[in-house]
Amino acid sequence: MADFPKPSSDPPKHEMQYFPGMTSALPSESAEFRRVLWTGLYSQVVLMTVPVGGDIGEEIHTVDQILTFTSGTGLAQVGGKEQTVKAGDMVIVPAGTKHQFLNKGPTPLILYTVYSPAEHKATTVHQTKEEGLKMEEEGKDEPPEWSQRPKKLNEEEGWVKGE
């Protein structure tokens, strides 16, 4: 298990978050099905490990999702099309698009995904897909309110400002 920084439930500070080895060290360090690494005002980074023979589960999000695969071999099913995926590949799932990712290899399928905006509670850690589904069904895995606000409101409230 990697020593990731503990995610915060608070809006992000204006400082760098650094995750070394995201494309090279994850296969030996990742264990949970889903772990939120960071949540920002407009996006969220989540680490996922799909066990051998497992899948993420067919779903449709109301947010955009970008998945980068770091280990294993899988099958992406997005918007009625299929694509084999492996370490180094990226798949983009536009909001409103039905998708599923299946592990088709002999090792865990490991990836990190960026949701925009956030899709999960800022401190989420799900050991298994079943735990994740249960928490979602019970309404215990909702993104923070502050991660769902429009840009204009964030500017008006002073959370962000341009030059």
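Notes on a predicted model

In this predicted model, UniProt places the feature "domain: Cupin type-2" at residues 47-115, in an unreviewed entry.

Colleague: How far apart do the end C-alpha atoms of residues 47-115 lie?

Modeller: The span given in the UniProt record as "domain: Cupin type-2" is residues 47-115. Its make-up is 0% helix and 58% strand. The distance between the end C-alpha atoms is 11 Å.

Colleague: In what order do the six strands of the open sheet stand?

Modeller: The pairing in this sheet is antiparallel. Strand 6 (90-93) and strand 9 (125-126) are the edge strands, as each pairs on one side only. The order is 6-3-8-2-1-9.

Colleague: How many bridges join strand 3 to strand 8?

Modeller: Strand 3 covers residues 64-71 and strand 8 covers residues 109-116. The two run antiparallel, and Gln-65 stands opposite Tyr-115 in strand 8. The number of bridges joining the two strands is seven.

Colleague: Is Glu-32 buried or exposed?

Modeller: Glu-32 sits in the loop between helix 1 (26-29) and strand 1 (34-39). Its side chain makes a polar contact of 2.8 Å with the side chain of Arg-35. Buried means under 20% relative accessible area. Because the relative accessible area of Glu-32 is 6%, the residue is buried.

Colleague: Does Thr-97 count as buried or exposed?

Modeller: Thr-97 belongs to the loop between strand 6 and strand 7 (99-103). The cut-off for buried is under 20% relative accessible area. Since the relative accessibility of Thr-97 is 17%, this residue counts as buried.

Colleague: How far apart in space are Thr-97 and Ser-43?

Modeller: In sequence, Thr-97 and Ser-43 are 54 residues apart. In space, taken C-alpha to C-alpha, the separation is 18 Å.

Colleague: Which residues that line the largest pocket are the closest to its centre?

Modeller: The largest pocket has a volume of about 260 Å³. There are 13 residues in the lining, and by class these are six nonpolar, three polar and four charged. The closest to the centre are Ser-8, Pro-12, Lys-13, Gln-17 and Trp-38.

Colleague: How many residues in the lining of the second largest pocket are charged?

Modeller: The second largest pocket has a volume of about 150 Å³. Its lining includes Ile-60, His-61, His-120 and Pro-143, and also Glu-59, Glu-119, Glu-136, Asp-141 and Glu-142. Two residues of the lining are nonpolar and two are polar. The number of charged residues is five.

How values were computed:
Residues are numbered from 1 along each chain as its sequence is written. This is a predicted model: local features need pLDDT of at least 70, side-chain atom pairs count only at pLDDT 80 or more; totals for chains, interfaces and linings use all residues. Side-chain values use heavy atoms; hydrogens and water are left out. Helices (H or I, at least four residues) and strands (E, at least two) are DSSP runs, numbered from the N terminus. Buried means under 20% relative accessible area, exposed over 50%, partly exposed in between (1.4 Å probe, protein chains only). A polar contact is a pair of N or O atoms within 3.5 Å; within protein, one must be able to donate a hydrogen and the other to accept it, and residues adjacent in sequence count only if both atoms are side-chain atoms. UniProt positions are given in the numbering used here, feature names are shortened, and annotations may be inferred rather than shown by experiment. On a 1 Å grid over the protein atoms alone, a cavity is a set of points where a 1.4 Å probe fits but cannot get out, and a pocket is an open set with protein on both sides within 12 Å along at least five of seven lines; lining residues have an atom within 4 Å of a point. Grid points are joined across faces, edges and corners, and a volume is the space filled by probe spheres set on the points. Ala, Val, Leu, Ile, Met, Phe, Trp, Tyr, Cys and Pro count as nonpolar, Asp, Glu, Lys and Arg as charged, and the others, Gly among them, as polar. Two strands pair if DSSP finds at least two bridges between them.
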